[in-house]
Amino acid sequence: MARGILAVLSIALTVFTLADCVQTQDDKVRGVPKWAWIVLIVLIPWVGPLTWLFVGKERSWGRGSSGGPGPRRDGPLAPDEDPEFLRKLDEDIRRERRERRERGEGPGDSGEFDDGPGDSGTDTGRSA
């Protein structure tokens, strides 16, 4: 029973590290070329896969924004944090409102209110 579990673990570790090695970009591989790592992983059970995990790949642990492991994001996390997206959205809203006014439709004609942040100064009945 124990031999069976060890055999399954060895195969699982080999498959996992082999997939990781094959998917790793060439500039992130340390030590020997990628093809040599693949040979080591396949031909030397336990030692090859464990060596790959600890030595073979350049890893970036602890570089996340919260100090924990994970990829570091340089840009915005969501569209509503992207200034370019927000600027384009505001331009689209203003263009639609201007077109509606030029066609003679009021803010109540389409069921929408014209009191957003891109408002052109119309009075909506609110007191400041």
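Biologist: Which residues of helix H3 are buried?
Modeller: Keeping in mind that this is a predicted model, the buried residues of H3, which spans residues 47-56, are Gly48, Pro49, Trp52 and Gly56.

Biologist: What covers the buried residues of H3, then?
Modeller: The cover includes helix H1, residues 2-23, and helix H2, residues 34-43.

Biologist: Let's look at those two. At what angle do the axes of H1 and H2 cross?
Modeller: Their axes come within 10 Å and cross at roughly 175 degrees. Angles over 145 degrees count as roughly antiparallel, and H1 and H2 are therefore roughly antiparallel to each other.

Biologist: Which residues of H1 and H2 meet?
Modeller: From H1 there are Thr14, Thr17, Leu18, Cys21 and Val22, and these meet Lys34, Trp37, Ile38, Ile41 and Val42 in H2. By residue class, the contact of H1 with H2 divides into seven nonpolar, two polar and one charged.

Biologist: Staying in H1 for a moment, is Ser10 buried or exposed?
Modeller: Ser10, which lies in helix H1, has a relative accessible area of 12%; since the cut-off for buried is under 20%, Ser10 counts as buried.

Biologist: What does Ser10 touch?
Modeller: Leaving aside residues up to four places away in sequence, Ser10 touches Pro45 and Trp46.

Biologist: Changing topic to the protein chain as a whole, how many helices and strands are there?
Modeller: The protein chain has four helices and zero strands, and reading along the sequence gives the pattern α-α-α-α.

Biologist: What percentage of the residues count as buried?
Modeller: Of the 128 residues in the protein chain, 18% count as buried. The chain exposes about 10,100 Å², with carbon and sulfur atoms supplying 59% of that area.

Biologist: And how many of the contacts join residues at least 24 apart?
Modeller: If we take the contacts in the protein chain between residues at least 6 apart in sequence, 41% of them join residues at least 24 apart.

How values were computed: Residues numbered from 1 in each chain as written. Predicted model: local features only at pLDDT ≥ 70, side-chain atom pairs only at ≥ 80, totals over all residues. Heavy atoms only, no water. Buried < 20%, exposed > 50% of the residue type's maximum accessible area, 1.4 Å probe, protein only. Helix = DSSP H or I, 4+ residues; strand = E, 2+ residues; numbered from the N terminus. Contact = heavy atoms within 4.5 Å. Areas by Shrake-Rupley, 256 points an atom, 1.4 Å probe, with all protein chains shown as cover. Axes fitted to C-alpha atoms, helices over the stretch in contact; angles between N-to-C directions. Parallel < 35°, antiparallel > 145°, perpendicular 65-115°, else oblique. Nonpolar A, V, L, I, M, F, W, Y, C, P; charged D, E, K, R; others polar.
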